[in-house]
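Dear colleague,

My findings follow directly after it.

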Amino acid sequence: MYNAFDALLDFQQALESRLQSDWLRGATAATGAFPPINVFQQSDNLVAIIELVGVNKSDLEIQAKNNTIRISGKKDVTYPEKVSLHRRERLSGSFDRTLTVPIQIDADRIKAEYRDGVLALFIPRTESDKPRSISIN
Amino acid sequence: MSPQELQVQQKRELEKKQESTVPARVFVPTTDIFETEEALSLIVEMPGVDRAKVDVSVEDGVLTIQGHLDFSKYEGMQPVYTEYNIGHYRRSFSLSNTVDQGRISAEMKDGVLTLVLPKAEEAKPRRISVS
């Protein structure tokens with residue numbers, strides 16, 4: 001029986017183990033840089049989920065070339081005038097990060113969705129790069 | 001002058017008083033609090049939380065903010081490289097009785113919740129003229 005709670009726990013443990021797959025090692029510039037990136041495989045394609053909370057969509061730029069995707073922009077934190085600040089935890093600043101994937105991707109067909117402070121990049125594999133089964137005569 | 005380079009803020013896990021029955025992780029959302037003459041404002045960062053899944057309550061002078069993450073979006077996805085974990089958000093603040101609890105307003109944009117807690121009339125500073 002499929003247990004949603006077990007699946008969730010497994011999933012969170014998988015995220016916790018900070019997967020450093022060999023194929024991405026050294027390919028992303030500076031692990032630990034902003035913004036944090038998680039990469040998933042969904043059937044033949046890749047999905048990158050990036051946390052960019054509080055970034056205005058118009059301050060976000062995504063470029064793709066060959067198998068490299070660049071995410072850059074800035075995050076502003078502003079306060080109204082004449083306030084007394086009790087607690088200040090949010091950070092602001094600029095960011096610029098590239099993600100290089102070790103598969104051939106169709107850069108023209110990458111789809112980006114920004115919602116609730118999370119950017120999702122749907123990265124399709126090129127048809128020629130997809131594995132195909134070889135029949136044995 | 002170039003703006004400061006943004007750093008990753010490590011998520012802080014909530015220390016629970018009771019154990020929860022669901023094994024989901026709960027994080028303490030990054031929060032700014034500021035005060036004007038009129039109101040107290042809280043800016044709470046909860047990436048990935050839909051506005052419909054935010055719950056704000058005031059009970060016994062304690063403001064509790066909860067954000068529920070929808071994990072179903074991750075169905076069928078195999079993590080191959082990860083840098084951060086995901087989970088729900090929860091944080092509580094004790095309020096002074098100077099807040100008009102009936103007029104609290106909330107707005108959500110880009111994963112950022114803005115709460116405005118207007119001050120009760122008697123709590124506002126008033127100018128006293130000296131005759």
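In chain B, five strands form an open sheet with the order 1-2-8-6-5 and mixed pairing. Strand 1 (12–13) and strand 5 (54–59) of chain B are the edge strands, each pairing on one side only. Two bridges link strand 1 of chain B with strand 2 (residues 26–28) of chain B in the antiparallel sense. Within this pairing, Glu13(B) has Phe27(B) in strand 2 of chain B as its bridge partner.

Please note that the model is predicted. It scores ipTM 0.83 and pTM 0.83. The average pLDDT of chain B is 86, and 91% of the residues score at least 70. Where pLDDT is low, the predicted coordinates should not be read in detail.

Strand pairing also takes place between the chains: strand 1 of chain A runs antiparallel to strand 7 (residues 78–81) of chain B, and three bridges join them. There, Tyr81(B) in strand 7 of chain B is the bridge partner of Val39(A).

As to the contact as a whole, 50 residues from chain A and 41 residues from chain B take part. On the side of chain A that touches chain B, at least two residues each come from helix 1 (4–16), strand 1 (37–42), strand 2 (45–51), strand 4 (68–75), strand 5 (84–87) and strand 6 (93–100) of chain A. Helix 1 of chain A provides the largest share of that side, eight residues. By class, the side of chain A that touches chain B comprises 24 nonpolar, 15 polar and 11 charged residues.

With kind regards

Key:
Residues are numbered from 1 along each chain as its sequence is written. Chains are lettered from A and ligands numbered from 1 in the order in which they are written. This is a predicted model: local features need pLDDT of at least 70, side-chain atom pairs count only at pLDDT 80 or more; totals for chains, interfaces and linings use all residues. Two residues are in contact if their C-beta atoms, placed from the backbone, lie within 7 Å. Helices (H or I, at least four residues) and strands (E, at least two) are DSSP runs, numbered from the N terminus. Ala, Val, Leu, Ile, Met, Phe, Trp, Tyr, Cys and Pro count as nonpolar, Asp, Glu, Lys and Arg as charged, and the others, Gly among them, as polar. Two strands pair if DSSP finds at least two bridges between them. pLDDT is the predictor's confidence in each residue, from 0 to 100.
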